[in-house]
Amino acid sequence: MYTVYGSVNTRALRVLWALEEMQQFYQYIPCAPQSELARSLNITGKVPVLVDGDAAISDSVAIMTYLADKHGMLTHPAGSLARAKQDAMTFWLIDEFETPLWLAAKHSFILPPERRVPEIKPVLRWEFAQAVEVLARWLGDKPYLTGDQMTIVDMLAAHCGAWATVAKFPIENTQLASWMTKLRSRAAFTRALANDLPG
Ligand SMILES: N[C@@H](CCC(=O)N[C@@H](CS)C(=O)NCC(=O)O)C(=O)O
């Protein structure tokens with residue numbers, strides 16, 4: 001049985017979504033970043049954390065990759081060329097698509113107020129818009145980023161798309177935006193989100 005620590009308004013949502021897609025049993029424990037609990041599980045105090053047996057694994061992408069490899073789902077096999085391309089896309093998404101969103105969050109509400117530089121935000125919006133266009137070209141007319149098969153890289157992109165909406169970073173490419181919305185309309189995503197509903 002897996003245990004996920006975090007909350008659906010953090011990158012933990014990616015992990016919950018992956019577990020739902022893979023139809024794995026898990027326990028969900030709400031855990032705020034930098035709480036005592038988060039620090040006891042992860043030296044950085046960040047969430048999400050996945051506990052599997054005696055091991056606590058940090059980093060949403062590391063966790064998704066671990067689960068995908070372990071269950072042989074939502075990934076191309078490790079060691080294949082298709083996987084190398086999937087991984088290249090994953091790292092690009094983190095570098096270029098997620099980073100402007102993360103920096104905007106840092107300079108809005110995460111860094112100590114005296115360290116925030118609000119003037120950076122227009123540059124981050126511009127960088128994000130560039131990345132949107134690259135991602136749209138990468139997707140092209142394919143059903144998924146790596147071809148016909150949905151993988152964790154599609155989920156990562158769609159999760160960042162939801163984050164962008166909340167952060168008011170527009171995804172002006174309508175084809176890409178509707179592709180992301182379709183991914184997020186999957187039943188597994190809805191079930192993952194429901195983890196934080198009352199009752
Ligand atoms: N690369 C990590 C980033 C984790 C991360 O920064 N999580 C945020 C919540 S989404 C957090 O814990 N922030 C608190 C902090 O940075 O101190 C991942 O993908 O899990």
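The following paragraphs lead through a predicted model, from its sheet to its helices and then to some single residues. Residues are numbered from 1 along each chain as its sequence is written, and side-chain values use heavy atoms, with hydrogens and water left out. Because the model is predicted, local features need pLDDT of at least 70 and side-chain atom pairs count only at pLDDT 80 or more, while totals for chains, interfaces and linings use all residues.

Start with the sheet. Helices (H or I, at least four residues) and strands (E, at least two) are DSSP runs, numbered from the N terminus. Two strands pair if DSSP finds at least two bridges between them. Here four strands form an open sheet in the order 2-1-3-4, with mixed pairing. Strand 2 (26-30) and strand 4 (55-58) are the edge strands, each pairing on one side only. On average, neighbouring strands of this sheet are turned by 20° against each other, direction ignored. Axes are lines fitted to C-alpha atoms, for helices over the stretch in contact, and angles run from 0 to 180 degrees between N-to-C directions.

Now take the pairs in turn. Strand 1 and strand 2 are parallel and share five bridges; Y5 stands opposite I29 in strand 2. Strand 1 (residues 2-6) and strand 3 (residues 49-52) run antiparallel, joined by four bridges. In this pair T3 stands opposite V51, and Y2 has D52 as its bridge partner. Strand 3 also pairs with strand 4, in the antiparallel sense and over four bridges, with V49 opposite S58. The hairpin of strand 3 and strand 4 has two residues between the strands, and in this hairpin G53 takes a positive phi near 65°.

How enclosed is strand 1? Five of its five residues are buried, so strand 1 is largely enclosed by the rest of the structure. Buried means under 20% relative accessible area, exposed over 50%, and partly exposed in between (1.4 Å probe, protein chains only). In a regular strand the side chains alternate between the two faces of the sheet. In strand 1, Y2, V4 and G6 point one way and T3 and Y5 the other. In strand 3, V49 and V51 point one way, L50 and D52 point the other way, and all are buried.

Contact means heavy atoms within 4.5 Å. Helix 1 (residues 12-21) packs on the sheet and touches strand 1, strand 2 and strand 3; its direction makes about 155° with that of strand 1. Helix 3 (residues 60-71) lies across strand 1, strand 3 and strand 4, and runs at about 35° to strand 3.

Next come contacts between helices. Two packed helices are described by the angle between their axes and the distance between the axes. For helix 4 (residues 81-110) and helix 6 (residues 152-167), the angle is about 10° and the axes are 10 Å apart. That makes helix 4 roughly parallel to helix 6 (angles under 35 degrees count as roughly parallel, over 145 as roughly antiparallel, 65 to 115 as roughly perpendicular and the rest as oblique). Residues in the contact include M89, L93 and F97 of helix 4 and V153, L156 and C160 of helix 6.

Helix 7 (residues 174-184) has L176, W179, M180, L183 and R184 buried. Seen down the axis of helix 7, these buried residues fall within an arc of 135°, so they line one face of the helix; the arc is that of the directions from the helix axis to the C-beta atoms. The exposed residues T174 and K182 are on the face of helix 7 turned away from its buried side. Among the elements that cover the buried residues of helix 7 are helix 1, helix 4, helix 6 and helix 8 (187-193).

Finally, look at some single residues. Most residues other than glycine have a negative phi, and most peptide bonds are trans. A cis peptide bond joins V47 and P48, with omega about 10°. P48 lies in the loop between helix 2 (36-41) and strand 3. D59, in the loop between strand 4 and helix 3, has a positive phi of about 80° although it is not a glycine. K168 also has a positive phi, near 60°, and is found in the loop between helix 6 and helix 7. Are these two residues exposed or partly exposed? D59 counts as partly exposed at 44% relative accessibility, whereas K168 counts as exposed at 64%.
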